[in-house]
Number of protein chains: 2
Amino acid sequence: MEHGELGTFLLAFAAALLGAKVFGELAERIGQPAVLGELFVGILLGPSLLGLVPLSAGILLVAEIGVLLLLFEVGLETDLEELARVGGAAMAVAVVGMVVPFASGYLVTRAAGYPTLTAIFVGAALTATSIGITSRVLSELAMLKSREGQIILGAAVADDILGLVVLAVVSQIAATGSVALGDAAKAAGLSFGFLLIAIVGGIPLGRILVKVVGKAQVRGILVAVAVAFALLAALGAQTAGSAAIVGAFAAGLVLARTNRGRDIETAVRPVVDVFAPVFFVAIGAQVDVAYLNPSTPANRAALLLALGLTVVGVLGKFAAGFAAGGKVSRAFIGAGMIPRGEVGLIFAQIGKQNGALPEPVFVAVVLAVFATTFVTPPLLKALRPARAGATKS
Amino acid sequence: MEHGELGTFLLAFAAALLGAKVFGELAERIGQPAVLGELFVGILLGPSLLGLVPLSAGILLVAEIGVLLLLFEVGLETDLEELARVGGAAMAVAVVGMVVPFASGYLVTRAAGYPTLTAIFVGAALTATSIGITSRVLSELAMLKSREGQIILGAAVADDILGLVVLAVVSQIAATGSVALGDAAKAAGLSFGFLLIAIVGGIPLGRILVKVVGKAQVRGILVAVAVAFALLAALGAQTAGSAAIVGAFAAGLVLARTNRGRDIETAVRPVVDVFAPVFFVAIGAQVDVAYLNPSTPANRAALLLALGLTVVGVLGKFAAGFAAGGKVSRAFIGAGMIPRGEVGLIFAQIGKQNGALPEPVFVAVVLAVFATTFVTPPLLKALRPARAGATKS
């Protein structure tokens, strides 16, 4: 690494960490989840304002490591049996949470006078759910292990897998004007198949690994091997057409079932503390405040469309929450599915690149993605069911 | 980060971690420090053999984070008073350890028939000491807090600071044929001055920081703020013309003197466990085994020169150990100063770029750097003074 490059990276990393903690603390003091402060400080420190945290390759790599380890930690804290028990409800939430936002996003964009292909891409961008944001807030609210938390987590994982299939499908439509549904079904099957095989095959593998590691003496072997296991699972998930974070989550689920699960969790915790904040700050840093200025005529159309997309984006996921059934807070589940986060941004970026999203629509989608992301922490906090069922995580 | 790029990075990171731990464990089983196994597996996994760990920007960034946090941890484990007490001895070791290897490296290169400028660069490359390798072995041998360990550490820090001044001087000679000694003295003064000010000013600052952090509630704030502090100190050291790792070390020294020093050390430990191995594996990965083949005629001259440089490189640092004086194991101290590691490689790279080092001499310097690096862990292990003074770190 170049001398000057290293300096910029060190400053950005330190600024992201300090900013995340100062604003995280402030957010908690006003009764909000800390992650809201981290997202917010990202806007401040990002390229469109102070420029202390540029979206450089180094910072994005640290952010990527951060979110992978965060999902690994969430997996370590998750009870696989409980997750399997809520599997049906989670799948219903995921599917409704994709269909309703897709349809309503499509209709809003068509109503605004844009062509079919644009409307399809906008609808697709609204199907996403950011596991990172949601799981972080659930953890802060000590709701990760509640029934609601497990349904949200399961639905978000399913959503992430289905979302990448949807992205492949709409990209194909944009490129060729048609779609091979058989290929899409195969991709979806492959992604879910990987997750299933990773968990079923991973459990005995994890136990063997922990046993072998137990015989070793060298310093730090447990945490190093556990992290390597998570990285390889992330690689496997990505190779199977799923998202890397889904693999890291699965690795956590698997290692939680070994007799060293608790030790791994304890060791991974400070690593997450150092890297995950950079992920949330980097998401905030992607907000370009110039787009928020309504005195620019081009922004007004985008802001209006963004408002429409945000409304259907929020209502569509609340509808998903009502698909959960059973004795749970459906509003809380719906709220948990709202943040589009980094996943929605990826959709917007690809739609812009392949020409499906003209500039004002791209801006509107990005704004709607951020609006849904920023609204989630306070919404979840407000809708948190006040009952004894929630165990402190 | 691109999809394929992320995959390559995940594989490389996982391979480095698993390789480091497997070979680290094997090294310990044959009575060697684990770091020797990590260096060795780097050769295996590196581009010249298996190619699983490429020297990509991502891996080098993780390695950089790893060595910074390692030196931060070493600083946290170091007693500043003890370090100051051995300051004179450390400075004597550092100076002799630069003068003798420089002079003998110069003479060997001249005797081999190379011009003055080449010989100056070779001599300069032999002045370096890798704090990373040395502190890691000291820590493994539980000698970090011994008098010998403190002298080595202090001398290595002084060496790192002086080494960068030497690098600036010889680069200037290569570029202009002459040198402004006043500038060199100024650069040296600035680097030492930064370290002094960082420590003197850092101690009250660290205490204030820990006090403020103590009032905060948000998760992970202590470790996040401590790491940010280390990153900023690294940036400051680099800006002052010193090495980033010297700043990270100073940050550790300073935070060790707060009432949360022990907590920070505990939290930083698993982070080091996950990142530092990548640093040592990446050093090994820079060995190009093709150079070791004596059947290539060009390699024979390089191998012969490398042998000569290794011999004077080892003997020169043993001479430095004898400058320590007092009731200490001087051979152990000398051995601790031997590894050139990443610092020596930087000298070689720059000498190659500016034309001071023709290809065979460059190869010889690189080989000598690796030879001194690989020989240190077993040497230190063999020379470890067997007395009660060494406390388990």
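Which residue takes a positive phi just after H5(B)? That's Gly113(B), with phi at about 95°. Helices here (H or I, at least four residues) and strands (E, at least two) are DSSP runs, numbered from the N terminus.

A quick word on the ground rules. This is a predicted model, where local features need pLDDT of at least 70 and side-chain atom pairs count only at pLDDT 80 or more, while totals for chains, interfaces and linings use all residues. Residues are numbered from 1 along each chain as its sequence is written, and chains are lettered from A, with ligands numbered from 1, in the order in which they are written.

**Chain A as a whole**

Chain A has 16 helices and zero strands. Its radius of gyration is 20 Å, close to the 21 Å that the globule rule gives for 393 residues, so chain A is as compact as a globular protein of that length. (That radius is taken over C-alpha atoms, and the rule is 2.2 Å times the number of residues to the power 0.38.) Along the principal axes, the C-alpha atoms of chain A fill a box of roughly 65 × 50 × 45 Å.

Of its 393 residues, 61% count as buried. Buried means 20 or more other C-beta atoms within 10 Å of a residue's own, exposed means 12 or fewer, and partly exposed is in between, with C-beta atoms placed from the backbone. Contacts mean C-beta atoms, placed from the backbone, within 7 Å. Among the contacts in chain A with a separation of 6 or more, 80% come from residues 24 or more positions apart.

**How the two chains meet**

The contact takes 44 residues from chain A and 44 residues from chain B. On the chain A side, the elements giving two or more residues are helix H1 (3–29), helix H3 (57–76), helix H10 (221–239) and helix H12 (261–285). H1(A) supplies the largest share, 13 residues. By class, that side has 31 nonpolar, seven polar and six charged residues. Here Ala, Val, Leu, Ile, Met, Phe, Trp, Tyr, Cys and Pro count as nonpolar, Asp, Glu, Lys and Arg as charged, and the others, Gly among them, as polar.

Chain A superposes on chain B by a rotation of 180° with 0.0 Å of shift along its axis (RMSD 0.0 Å). That is the relation of a two-fold axis. The same surface serves both copies, as 100% of the contact residues of chain A recur in chain B. Of the residues of chain A, Val271(A) comes closest to the rotation axis, with its C-alpha at 2.6 Å.

Helix H5 of chain B (residues 87–111) has 25 residues and should span 36 Å at 1.5 Å a residue, which agrees with its end C-alpha atoms being 36 Å apart. The expected span is 1.5 Å times one less than the number of residues. Over in chain A, Leu107(A) is found in helix H5. Leu107(A) is partly exposed, with 15 other C-beta atoms within 10 Å. Its C-alpha is 9.9 Å from that of Leu309(A), 202 residues apart along the chain.

Ala142(A) sits in the loop between helix H7 (131–140) and helix H8 (147–176) of chain A, and Ala142(B) is in the loop between H7 and H8 of chain B. Here are their values.

| Residue | Phi | C-beta neighbours inside 10 Å |
|---|---|---|
| Ala142(A) | about 55° | 14, partly exposed |
| Ala142(B) | near 55° | 14, partly exposed |

Note on methods
Two residues are in contact if their C-beta atoms, placed from the backbone, lie within 7 Å. Copies are superposed by least squares on the C-alpha atoms of residues with pLDDT of at least 70 in both.
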